Protein chains: 2
Amino acid sequence: MNLSELPTPSLLLDRDQLARNIARMQNSADRLGVSLRPHLKTLKSARAAEELIAAGARGITVSTLKEAAYFLEHGISDITYAVGMVPAKLERAAQLIARGADLKIMTDSVHVARAVAEAAERGGTRFRLLIEIDCGDNRGGVQPGSEELLQIAQTLEGSLAELQGVLTHAGHSYGVDDIAAVARIAADERDAVVRAAERLRNAGHEVSTVSVGSTPTALFARELEGVTELRAGVYTVFDLDQQSRGVCDTGEIALSVLASVIGHNRAAGKILLDAGGLALSKDRSADRFRPEVGYGQLCELDGSPITELYVTSVSQEHGHVRVRDESDYARFPVGSRLRILPIHACMTAAAYDYFDVIENGEISDRWDRVNGW
Amino acid sequence: MNLSELPTPSLLLDRDQLARNIARMQNSADRLGVSLRPHLKTLKSARAAEELIAAGARGITVSTLKEAAYFLEHGISDITYAVGMVPAKLERAAQLIARGADLKIMTDSVHVARAVAEAAERGGTRFRLLIEIDCGDNRGGVQPGSEELLQIAQTLEGSLAELQGVLTHAGHSYGVDDIAAVARIAADERDAVVRAAERLRNAGHEVSTVSVGSTPTALFARELEGVTELRAGVYTVFDLDQQSRGVCDTGEIALSVLASVIGHNRAAGKILLDAGGLALSKDRSADRFRPEVGYGQLCELDGSPITELYVTSVSQEHGHVRVRDESDYARFPVGSRLRILPIHACMTAAAYDYFDVIENGEISDRWDRVNGW
């Protein structure tokens with residue numbers, strides 16, 4: 001099957017570029033002397049996870065328990081669920097562990113740690129808990145120097161639940177477009193989690209995992225002494241958000257949306273596509289550094305970007321493209337097809353149940369993915 | 001089952017409010033003397049379509065051929081596909097017609113009209129075509145006074161394909177928050193499509209359908225002389241986008257996302273929820289008139305809004321809520337639950353495969369929905 005036969009919109013995954021991106025991050029982890037636990041929140045695909053593991057990944061990271069269940073069904077058991085646990089989700093986590101998952105859960109709350117310890121006793125489940133550390137992102141996590149850090153670890157003592165280690169995410173590395181600044185954030189990320197690990201060890205706790213990661217810091221960290229693993233996800237396919245920050249080149253973006261031209265509105269100076277807010281997402285993360293890219297960069301069917309042609313606005317099922325000049329109408333007639341590079345791959349991919357995998361411009365495979373919660 | 005037993009995030013549909021919203025729009029259509037063909041792009045649910053039809057709707061509107069196939073499987077055959085057709089989708093449309101769909105398709109392109117006429121001849125399919133008119137929204141559509149309007153109709157002559165009529169959508173009614181301005185846009189919307197119908201009739205073409213609609217114009221049009229039907233969709237559940245424009249009250253919003261508090265970050269002054277960009281969407285349509293609502297308004301479990309508590313930012317699986325003061329941490333402990341009113345219901349609902357339907361605060365039913373293309 002080729003790209004003229006697929007329905008539109010469809011989600012395309014360039015397998016050769018995926019392999020290059022996987023190798024780039026694995027090389028970075030190898031260089032830094034840490035293991036790589038890729039975040040499957042972007043691809044949510046068992047076939048993709050297999051490629052990652054074959055390339056050297058040790059275990060995976062997920063963002064929902066539904067992902068954890070899906071990957072376990074596909075034979076991948078070493079899973080870190082890297083979103084804060086709540087007591088009501090412990091039963092579902094215990095079921096996954098009973099079915100063979102080597103599941104690590106996470107919290108930054110003494111209250112939740114207590115619930116984990118109690119649920120472990122009640123159900124005989126050996127929960128393994130990571131303590132989330134805030135390294136400056138201001139999302140989840142206790143401060144590395146906080147009292148709560150030690151309290152959470154103490155709460156588990158004497159219960160069946162075990163402390164696994166500490167984890168942080170430098171999400172603020174997405175806020176800069178300067179690689180030297182990314183390297184400084186990577187150093188802060190490392191320092192925060194290593195400091196937390198040391199405080200726990202000094203208090204007599206065993207700390208096996210010291211986990212950091214975000215695509216920018218994982219690629220541009222200078223050293224990660226004391227860290228055991230890297231997590232990152234969007235690097236598998238990259239996107240215009242990452243490109244706008246200098247983390248990747250446009251040519252490294254392995255994900256695109258295949259769309260059809262469904263109309264010309266010459267009075268308004270635009271071409272309309274059948275890929276709108278649902279097919280692309282309404283994410284505008286690239287705005288800060290590249291406002292011109294709007295909701296996506298248009299490409300030829302072979303994947304080469306078309307200069308200055310972007311999805312300038314969207315409604316639910318329509319992508320609006322401001323034409324450069326009259327000649328664009330002849331060049332992109334109604335019914336013709338284009339590809340669109342996404343702003344934020346994780347958000348765009350979530351609208352699709354599968355990837356159409358392309359190799360050498362032909363559809364070679366279809367990889368399912370899991371959505372929802 | 002009650003709201004403390006559902007997994008989070010979950011999508012809640014308030015059935016009583018849905019019924020009131022359905023009645024409100026049906027009353028508007030009745031008052032204006034036109035039939036109502038609700039747009040199912042928002043709810044994408046057969047059970048919801050049944051409620052609409054029971055309340056007086058005549059046929060439905062859809063935004064994808066996948067929706068059309070889904071509703072046909074559920075016994076609803078009178079369907080308008082109100083996104084521009086392309087030649088490559090005609091075979092799929094013909095299959096739906098062969099399976100019993102009374103499907104109306106739409107274009108604003110002479111090229112597509114020619115492809116429709118040819119496919120009708122080739123496959124023996126009686127396609128019924130609506131011509132899309134631009135009434136000022138600057139999305140799809142030919143100008144009502146344009147030559148293309150007549151050319152599209154002429155293109156069908158002598159083929160098995162039939163002209164069904166004209167259709168327009170005043171999407172620009174979303175750009176104002178002044179009901180008098182909405183009423184003026186509704187008048188323009190009516191004038192554009194009635195003028196197009198007259199020109200077609202004067203040229204000897206039969207025009208059965210003269211279709212207008214957007215939630216604001218459908219509710220606030222003063223008169224629709226010459227129009228045969230109204231289309232609108234988001235009114236079924238409303239959202240903060242519509243509320244910010246004065247089209248509905250907050251209490252009329254029938255859709256919400258159930259979320260759990262997963263962390264407190266006191267250093268950053270925020271509460272974290274397990275509903276982020278995927279669970280809520282990254283749509284910010286309400287920004288223009290109510291920037292403070294961010295990605296959603298927080299509500300108690302009974303649905304009553306919590307003053308000045310909003311999802312202020314999101315990452316993929318995290319909703320960040322800026323606290324008003326210290327007391328919010330005690331009021332919303334980790335593990336507690338909240339509801340979130342969405343910014344744009346169509347975008348939020350698309351992340352879920354079903355609605356958990358609530359009546360009197362209890363889950364009474366689960367309605368499936370169709371996503372994708």
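Me: On what basis are copies superposed, and which rotation and shift superpose chain A on chain B?
Reply: Copies are superposed by least squares on the C-alpha atoms of residues with pLDDT of at least 70 in both. This is a predicted model in which local features need pLDDT of at least 70 and side-chain atom pairs count only at pLDDT 80 or more, while totals for chains, interfaces and linings use all residues. Residues are numbered from 1 along each chain as its sequence is written, chains are lettered from A and ligands numbered from 1 in the order in which they are written, and side-chain values use heavy atoms, with hydrogens and water left out. Chain A is superposed on chain B, with an RMSD of 0.0 Å, by a shift along the axis of 0.0 Å and a rotation of 180°.

Me: Which residue of chain A comes closest to the rotation axis?
Reply: The two copies are thus related as by a two-fold rotation axis. At a C-alpha distance of 2.7 Å, the residue of chain A that comes closest to this axis is Lys282(A).

Me: How many residues of chain A are in contact with chain B, and what area is buried between the chains?
Reply: Contact means heavy atoms within 4.5 Å, and 57 residues of chain A are in contact with 57 residues of chain B. Because 100% of the interface residues of chain A are also interface residues in chain B, the copies meet through the same surface. Buried area is the accessible area (1.4 Å probe) that two parts lose on being put together, summed over both. Carbon and sulfur atoms give 59% of the area buried between chain A and chain B, which is about 4,200 Å².

Me: Is Val261(A) buried or exposed, and which residue of chain B does Val261(A) touch?
Reply: Val261(A) belongs to strand 10 of chain A, strands being DSSP runs of E with at least two residues and helices runs of H or I with at least four, numbered from the N terminus. Buried means under 20% relative accessible area, exposed over 50% and partly exposed in between (1.4 Å probe, protein chains only). With 0% relative accessibility, Val261(A) counts as buried. Not counting residues up to four places away in sequence, its contacts include Phe332(A), Leu338(A) and, from the other chain, Val86(B).

Me: Why does the salt bridge of Glu252(B) and Arg24(B) tie together separate parts, and how many residues apart are they in sequence?
Reply: The side chains of Glu252(B) and Arg24(B) meet at 3.0 Å, N to O. Glu252(B) lies in the loop between helix 9 (240-244) and strand 10 (255-265) of chain B and Arg24(B) in helix 1 of chain B, so the pair ties together parts whose separation in sequence is 228 residues.

Methods
Salt bridge = Lys/Arg side-chain N within 4 Å of Asp/Glu carboxyl O.
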